Amino acid sequence: NGTTDMQLVSTKTGSGSYLPLSFWTNGTKQINIGTDGNVDVTGNIYQNGNLVPNLVTLLTYTLAF
């Protein structure tokens, strides 16, 4: 989108339905962004090689830097 950001967009064609955006690896859906905006993560979240127990902790840790 211009020079200010990069976008990966899931959209619809014609009268079709909006679809979720999913990321798969090893035959398993790992991340799903639903049409309602909810994000589901199947695996663990790591930052700098350290396991982060949940996304709230990840965001708090990141913002504390």
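Visitor: Why does I31 count as partly exposed?

Guide: A residue is called buried under 20% relative accessible area, exposed over 50%, and partly exposed in between, with a 1.4 Å probe and protein chains only. I31 counts as partly exposed because its relative accessibility is 32%. Please note that this is a predicted model, in which local features need pLDDT of at least 70 and side-chain atom pairs count only at pLDDT 80 or more, while totals for chains, interfaces and linings use all residues. Residues are numbered from 1 along each chain as its sequence is written, and side-chain values use heavy atoms, with hydrogens and water left out.

Visitor: In which element is the place of I31?

Guide: Elements are DSSP runs numbered from the N terminus: helices (H or I) have at least four residues, strands (E) at least two. I31 lies in strand β2. The whole chain has five strands and one helix, and from the N terminus on these run β-β-β-β-β-α.

Visitor: Which strands form the open sheet, and in what order?

Guide: Two strands pair if DSSP finds at least two bridges between them. Here the open sheet has three strands in the order β1-β2-β3, with antiparallel pairing. β1 (21-25) and β3 are the edge strands, each pairing on one side only. On average, neighbouring strands of this sheet are turned by 25° against each other, direction ignored; such axes are lines fitted to C-alpha atoms, for helices over the stretch in contact, and angles run from 0 to 180 degrees between N-to-C directions.

Visitor: Which residues take a positive phi in the hairpins?

Guide: The hairpin of β1 and β2 has two residues between the strands, and N26 takes a positive phi near 55° there. In the hairpin of β2 and β3, with five residues between the strands, the positive phi belongs to G37, near 90°.

Visitor: Which residues make the nonpolar surface patch?

Guide: Nonpolar side chains (Val, Leu, Ile, Met, Phe, Trp, Tyr) are joined within 5 Å, like charges within 9 Å. In this model M6, L8, F23, I31, I33, V39 and V41 make a nonpolar patch of about 640 Å². β2 (28-33) and β3 (39-41) each supply at least two of its residues. In a regular strand the side chains alternate between the two faces of the sheet.

Visitor: With which residues is S10 in contact, leaving aside its neighbours within four places in sequence?

Guide: Contact means heavy atoms within 4.5 Å. S10, in the segment before β1, is in contact with Y18, L19, P20 and L21 beyond those neighbours. The C-alpha atoms of S10 and L21 are 6.1 Å apart, although 11 residues separate the two along the chain. S10 is partly exposed, its relative accessible area being 29%.

Visitor: What share of the 65 residues of the chain counts as buried?

Guide: Of the 65 residues, 8% count as buried.

Note on methods: Patches are made of residues with over 30% relative accessible area and no salt bridge: like charges are joined within 9 Å, nonpolar side chains (Val, Leu, Ile, Met, Phe, Trp, Tyr) within 5 Å. Accessible areas come from the Shrake-Rupley method with a 1.4 Å probe; for residues, only the protein chains shown count as cover. A salt bridge is a side-chain nitrogen of Lys or Arg within 4 Å of a carboxyl oxygen of Asp or Glu.
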